[in-house]
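The structure comes before the notes.

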Amino acid sequence: MREVLDRVEQWRAAGTPVAVATVVGVARSAPRQPGAVMAVSADGEVAGSVSGGCVEGAVYEQAQQVLATGEPALVQYGISDEQAFDVGLTCGGEIEIFVERLDW
């Protein structure tokens, strides 16, 4: 978490817009628990993780949209256990993520 806060502070000091994605809920198995965060700068840099890689790309795109519009978003991502096994993951699960732009 400290690493994410340090990067956000650097971006803030430089005047770079930032969006933060926070895991707010999980169902069944999930790689990260509520409270996990990922910050995305308007320059395309990323700090932190909300899923250990499984949905980071989709969350990145959502963060860019939130940065562009200023509208926060609550999004869900999930995969069934059967689908997970088919693509080489050990288990499925669902995560709910809140994405917001930081305004200062």
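The side chains of E94 and R28 form a salt bridge, with N and O 3.9 Å apart; a salt bridge here is a side-chain nitrogen of Lys or Arg within 4 Å of a carboxyl oxygen of Asp or Glu. E94 lies in strand β5 (residues 93–102) and R28 in the loop between β1 (18–27) and β2, so the pair ties together parts that are 66 residues apart in sequence. This is a predicted model, in which local features need pLDDT of at least 70 and side-chain atom pairs count only at pLDDT 80 or more, while totals for chains, interfaces and linings use all residues. Residues are numbered from 1 along each chain as its sequence is written, and side-chain values use heavy atoms, with hydrogens and water left out.

**Salt bridges**

- By the rule above, the count comes to 5 salt bridges.
- E94 is partly exposed at 37% relative accessibility, whereas R28 is exposed at 51%; buried means under 20% relative accessible area, exposed over 50%, and partly exposed in between (1.4 Å probe, protein chains only).
- E45 pairs with R7, their closest N and O atoms being 2.5 Å apart.
- That pair links distant parts of the chain, 38 residues apart: E45 is in the loop between β2 and β3 (46–48), and R7 is in helix α1 (residues 2–13).
- Helices (H or I, at least four residues) and strands (E, at least two) are DSSP runs, numbered from the N terminus.
- E45 is partly exposed, with a relative accessible area of 36%, and R7 is also partly exposed, at 23%.
- R101 forms a salt bridge with D103, with 3.0 Å between the closest N and O atoms.
- In this pair R101 is partly exposed at 30% relative accessibility, and D103 is exposed at 60%.

**Nonpolar cores**

- The largest nonpolar core has 19 residues; such a core is a set of buried Ala, Val, Leu, Ile, Met, Phe, Trp, Tyr and Cys residues joined through side-chain atoms within 4.5 Å.
- A21, V50, V59, Y77, I95, I97 and V99 have the most contacts inside this core.
- At least two residues of this core come from each of β1, β2, α2 (56–69), β4 (73–79) and β5, and α2 supplies the largest share, 4 residues.
- I97 touches A21, T22, V23, V24, V50, V59, A73, L74, V75 and Y77, not counting residues up to four places away in sequence; contact means heavy atoms within 4.5 Å.
- Another core, of 8 residues, lies apart from the largest one and includes V8, W11, V18 and A39.

**S41 in strand β2**

- S41 belongs to strand β2 (residues 37–41) and is buried, because its relative accessibility is 0%.
- Leaving aside residues up to four places away in sequence, S41 is in contact with W11, T16, P17, V18, Q64 and L67.

**Helix α2**

- The 14 residues of α2 reach 20 Å from the first C-alpha to the last, close to the 20 Å expected at 1.5 Å a residue; the expected span is 1.5 Å times one less than the number of residues.
- E56, V59, Q62, A63, V66 and L67 are buried in α2.
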